[in-house]
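I opened a new page for this one.

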Amino acid sequence: MSIREIRPSRRETPSKSEKGNNYHKHKSDLQEDFNYCCGYCGSFDGFGYTKTYFEIDHFVPKDFLIKSKSSISLSKYSNLVYSCRFCNNNKTKHWPSKREDIYLLGNEGFIEPCDLEYENHLYRTDDGAIMWNSPIGEWMATTAFKFDERMDELKLLWKYNKTRIAIEKIIDELNSYPDNSEQHNNIKTKLTPLFEKHYFFQKELATFYNG
Ligand SMILES: [Zn+2]
């Protein structure tokens with residue numbers, strides 16, 4: 001299945017200016033456009049253990065743009081990716097070329113996460129592990145983003161998010177029936193096992209990030 005629950009898509013015109021160096025002003029647009037998920041690994045930004053967990057990545061790296069005195073502004077929206085800090089930190093050192101417009105070189109490099117092609121290189125197994133379909137996918141997964149080293153955490157985040165989505169769906173269904181009706185009560189029984197799972201996944205995540 002697809003590595004991200006929903007493929008991210010940037011709006012044509014961001015609500016803030018694309019001039020200047022203060023790219024943080026785009027964070028709320030990016031959150032929406034990336035569906036509150038990391039563009040690269042698909043992790044959901046919602047378990048709230050640390051405020052700095054999600055960051056803004058520059059697809060063509062920020063340091064590279066500064067050093068090369070690029071004409072691409074640090075605030076250029078099409079170059080920004082909503083990213084978990086693990087993907088952002090891991091990606092930093094791995095630009096494959098010495099040019100800002102060359103992001104693929106042989107079997108090394110990055111696919112832009114809003115590009116349809118991203119899904120051709122990486123995919124997700126039923127238990128939430130991230131795997132690859134191509135040498136570029138393998139390079140991104142193992143050399144750049146180190147998904148292989150973070151697999152337990154990525155699987156856990158995926159399961160946690162799936163449980164959250166399932167709970168929300170059931171609550172929506174529940175709200176369409178009157179309180180205490182038979183349908184309402186039947187649907188309600190489906191929630192208990194999901195809440196239990198959600199609770200245990202959350203505890204495990206807390207161990208990862210706070211432990
Ligand atoms: Zn990520």
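Which residues of helix α5 (residues 135-144) are buried? I found Ile136, Gly137, Trp139, Met140, Ala141 and Ala144. I call a residue buried if 20 or more other C-beta atoms lie within 10 Å of its own, with C-beta atoms placed from the backbone. Helices (H or I, at least four residues) and strands (E, at least two) are DSSP runs, numbered from the N terminus.

Two notes on the source. I am reading a predicted model, where local features need pLDDT of at least 70, side-chain atom pairs count only at pLDDT 80 or more, and totals for chains, interfaces and linings use all residues. Residues are numbered from 1 along each chain as its sequence is written.

Next I looked up the partners of α5. Its buried residues pack against α3 (85-91), β3 (104-105), β4 (108-109), α4 (118-121), β5 (122-124) and β6 (130-132). Contact here puts the C-beta atoms of two residues, placed from the backbone, within 7 Å. Just after α5, I noted lysine 146 with a positive phi of about 55°.

Then the domains. I have domain 1 (23-150) and domain 2 (153-210), with bounds from an automatic or database domain assignment. Their C-alpha centres lie 29 Å apart. In contact are 13 residues of domain 1 and 14 residues of domain 2. The domain 1 side of this contact has seven nonpolar, four polar and two charged residues. Ala, Val, Leu, Ile, Met, Phe, Trp, Tyr, Cys and Pro count as nonpolar, Asp, Glu, Lys and Arg as charged, and the others, Gly among them, as polar.

On to helix pairs. How do α6 (residues 151-174) and α7 (residues 182-189) cross? Their axes come within 9 Å and cross at roughly 170°. That makes α6 roughly antiparallel to α7. Axes are lines fitted to C-alpha atoms, for helices over the stretch in contact, and angles run from 0 to 180 degrees between N-to-C directions; over 145 degrees counts as roughly antiparallel. I listed Ile170, Glu173 and Leu174 of α6 against His184, Ile187 and Lys188 of α7. They divide into three nonpolar, one polar and two charged.

Last, α6 with helix α8 (residues 191-210). These axes come within 9 Å and cross at roughly 150°. The two helices are therefore roughly antiparallel. The contact residues include Leu156 and Ile167 of α6, and Phe201 and Leu205 of α8. By class, this contact has 11 nonpolar, three polar and five charged residues.

Methods: Parallel < 35°, antiparallel > 145°, perpendicular 65-115°, else oblique. Buried ≥ 20, exposed ≤ 12 C-beta atoms within 10 Å, placed from the backbone.
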